[in-house]
Amino acid sequence: MKLAIVGDLHLGIKGGDPVFMDYQFKWIERFLTRCVIEQVDRIVQVGDALDVRSNTNNLLLHRLYHDFIPLVEKSGIPWTFLVGNHNIFYRDQNKVHNLTILKHRPDLFHIVEEFETVQWGGQRVDLCAWINKNNSTDILGKIRDSKSKYLFGHFEPEGLPYYKGVMAESGLSLDLFGHYDNVFSGHYHTVSSHKNFLMCGSPYHLTWADQ
């Protein structure tokens with residue numbers, strides 16, 4: 001099974017600026033074209049697909065329904081989205097989020113709101129949404145006890161660059177993930193890695209600090 005992994009997209013960033021949004025959707029179109037050529041079976045988006053927590057821009061809604069969904073339909077490649085911190089309305093729970101608008105197409109989109117284990121290509125794979133104060137005990141316990149080889153999540157680990165040259169001095173210890181063969185995470189916009197842990201970054205610059 002061939003997967004393509006996408007980092008933080010933050011669709012609708014910069015106050016829903018139409019020019020930047022057009023740039024983002026053109027990137028998605030090019031990305032999906034390449035995925036079709038490479039015969040990708042599934043795309044995993046590791047959190048923060050949309051930018052604004054409290055509301056969703058009307059232009060962005062229009063582009064999702066009239067551009068994004070038709071592009072995914074045309075490609076024939078399903079997406080798995082992890083709920084990240086920019087997707088959730090409440091800071092202490094993941095139930096209310098801006099990816100709900102894609103739930104009406106379960107044939108195309110799988111939304112991970114907490115922690116799930118799936119079978120992909122004959123392998124156990126863990127999928128983890130944003131960890132908050134109300135789900136942390138449960139999710140961290142599942143991560144520690146997991147027998148899966150692979151983990152996709154939206155984590156805030158210490159010891160990796162939050163931005164280029166700016167290290168995260170607090171957060172989850174990378175030792176927590178040591179028993180996995182590979183961990184793929186969203187959240188920090190700078191691509192970095194340490195041993196088995198890969199921070200996927202963002203596919204394009206979102207701010208002047210992104211590298």
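Trainee: Where does Phe25 lie, and why is Phe25 called buried?

Mentor: Phe25 lies in helix H2. In this predicted model, its relative accessibility is 3%. Buried means under 20%, so Phe25 counts as buried.

Trainee: Which residues is Phe25 in contact with, leaving aside neighbours within four places in sequence?

Mentor: Those are Leu11, Leu60, Arg63, Leu64, Asp67 and Phe68. Contact here asks for heavy atoms within 4.5 Å.

Trainee: How far apart are Phe25 and Gly186?

Mentor: In sequence they are 161 residues apart, and in space 19 Å, C-alpha to C-alpha.

Trainee: Back to H2 as a whole. What makes its buried residues a one-sided set?

Mentor: Start with the list: Phe20, Met21, Gln24, Phe25, Trp27, Ile28, Phe31, Leu32 and Cys35 are the buried ones. They cover an arc of only 150° around the axis, so they sit on the same side of H2. On the other side, Val19, Arg34 and Ile37 are exposed.

Trainee: What covers that buried set?

Mentor: The cover includes strands E1 (3–6), E2 (42–45) and E3 (79–82), along with helices H1 (13–16) and H3 (58–75).

Trainee: How do you know the reach of H2 is close to what is expected?

Mentor: H2 has 20 residues, and at 1.5 Å a residue the expected span is 28 Å. From first C-alpha to last it reaches 29 Å, which is close to that.

Trainee: And what goes on at the two ends of H2?

Mentor: At the start, a side-chain oxygen of Asp17 comes to within 3.2 Å of the backbone nitrogen of Val19. Just after the helix, Gln39 takes a positive phi of about 55°.

Trainee: Now the rings. Why are Tyr23 and Tyr204 called edge-to-face?

Mentor: There are 18 aromatic pairs in the structure. Tyr23 and Tyr204 form one with 5.7 Å centre to centre and 65° between the planes.

Trainee: Which residues do ring pairs link into a cluster?

Mentor: Phe20, Tyr23, Trp27, Phe31, Phe68, Trp79, Phe81, Phe109 and Tyr204.

Trainee: What makes Lys14 count as lying over the face of Phe20?

Mentor: Lys14 is 5.1 Å from the ring centre of Phe20. The cut-off is within 6 Å, together with an angle within 35 degrees of the ring normal.

Trainee: How do you know Asn87 is buried, and where is Asn87 found?

Mentor: Its relative accessibility is 0%, so Asn87 counts as buried. Asn87 is found in the loop between E3 and strand E4 (109–112).

Trainee: Last one: why do the buried residues of H4 line one face?

Mentor: Ser136, Ile139, Leu140 and Ile143 are buried in H4 (136–145). They fall within an arc of 95° down the axis, so they line one face. Thr137 and Asp145 are exposed on the other side.

Technical notes:
Residues numbered from 1 in each chain as written. Predicted model: local features only at pLDDT ≥ 70, side-chain atom pairs only at ≥ 80, totals over all residues. Heavy atoms only, no water. Phe/Tyr/Trp six-rings, centres within 6.5 Å; stacked < 30°, edge-to-face > 60°. Helix = DSSP H or I, 4+ residues; strand = E, 2+ residues; numbered from the N terminus. Expected span 1.5 Å × (residues − 1). Buried < 20%, exposed > 50% of the residue type's maximum accessible area, 1.4 Å probe, protein only. Arc of directions from axis to C-beta. Polar contact = N/O pair within 3.5 Å; in protein donor to acceptor, adjacent residues only side chain to side chain.
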